[in-house]
Amino acid sequence: MFGWQDLGPDRAEPAHGSFRDSPEARRMLDVREVYAEPAALESPRGRQIMARLPGVRVTEVDSHWRIPSLHGNDGNIGRWVRIKTETLVLGVKRTLATRPNGRSADWIAPGPSNGCAMACAYCYVPRRKGFANPITLFTNIEAIVAHIRRHIRAQGPKPEPNQCDPSAWVYDIGENGDCSVDALVSDNTADLVAAFRTLPTAKASFATKFVNPDLLALDPQGRTRVRFSVMPPDDARLLDIRTSPVPDRIAAAADFLDAGYEVHFNLSPVVLRPGWQRDWAGLLDHLDDVLPARVKEQAAAEVIMLTHNQSLHEVNLGWHPRAEELLWQPTVQETKRSQNGALNVRYDHEIKAQSLSRLRQLIAEHAPWLRIRYAF
């Protein structure tokens, strides 16, 4: 199975100055097949995407949500990673809604994508999609940006500080995908960063596990927050399939700050297993050792304990059973219904509270500069 770490330490300079044209990017996303709604193909963004994919086979579909050969085919489990690498879906996002959050962000904006070319074993997005979860890109980006602009203007200035931000309304633009990976094949991320650059009362925010140097050229001017997700490297090698190595994500923080982003960290997910406290202490020491003062001065963190799901557990058993040895722990987990109505499993309430308390202590001891915005 191919992972980002298989690229080795020597990375060639990307052709024409663009990382997404490089051999490394094509190893992550090498599209061989596109499923597309006709309206998506006919849109300006759809035509732009397809122009970068000459000769790729296209199958028209009625709905990006209902593709039986992908989502309804249990034979795809064994091809979980290959489908993510070689398949792209283009659709039109018909329901444009911004909903309140209050944890990581004030608002969850309508995202420009759903699904991902990476294959994190705990990802919640596949729970609704069945047996395959490649990137679905939404080509009506103009409508998405216009909706977000209207919503921001309707809010007016932020009346008081909160855990999301002291002065700006924060909009999560990547809830169901990874904007850094989307940028390998689409300008949707660039369009959103450009839009927020002109919106002084708001910030965009997205979490990522992929270091895409092309994002350094987008000139966010402080209006986009990048949250690099990190965990102990041993956990990441098992669970964060096809992502950038954790040390690379941490090392990128200063470059992104210098390029005009606000840079935060997601300590996520926290997976409880023998030795977890030792390994998280080691990760925090690494953060403290390598991050320059300018990153530490503006950094903050979200702490997110593992949430899992029965149907995802069953899918994972078909392509990555070793991950389930860590993720599926019925003796310490309980069932809980999430905000969106899904029935998930999380750590027992008392175990979770004790673990969060211990992690807070570790942060205070090993990285006291790292402010915790929220823990969940």
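This briefing looks at the overall fold and then at one helix pair. The model is predicted: local features need pLDDT of at least 70, side-chain atom pairs count only at pLDDT 80 or more, and totals for chains, interfaces and linings use all residues. Numbering starts from 1 along each chain as its sequence is written, and side-chain values use heavy atoms, with hydrogens and water left out.

**Overall fold**
- You're looking at 16 helices and 18 strands, taken as DSSP runs numbered from the N terminus (helices are H or I, at least four residues; strands are E, at least two).
- The C-alpha trace spans about 55 × 45 × 45 Å along its principal axes.
- Of the 376 residues, 59% count as buried (under 20% relative accessible area, 1.4 Å probe, protein chains only).

**H6 against H8**
- The axes of H6 (residues 141-155) and H8 (residues 188-197) come within 10 Å and cross at roughly 25 degrees; axes are lines fitted to C-alpha atoms over the stretch in contact, with angles from 0 to 180 degrees between N-to-C directions.
- That makes the two helices roughly parallel (angles under 35 degrees).
- On the H6 side, Ile141, Val145, Ile148, Arg149 and Ile152 meet Asn188, Asp191, Leu192, Ala195 and Phe196 of H8, where contact means heavy atoms within 4.5 Å.

**His151**
- His151 also sits in H6, and it counts as buried because its relative accessibility is 15%.
- Leaving aside neighbours within four places in sequence, His151 is in contact with Thr98, Trp107 and Tyr171.

Key:
Angles under 35 degrees count as roughly parallel, over 145 as roughly antiparallel, 65 to 115 as roughly perpendicular and the rest as oblique. Buried means under 20% relative accessible area, exposed over 50%, partly exposed in between (1.4 Å probe, protein chains only).
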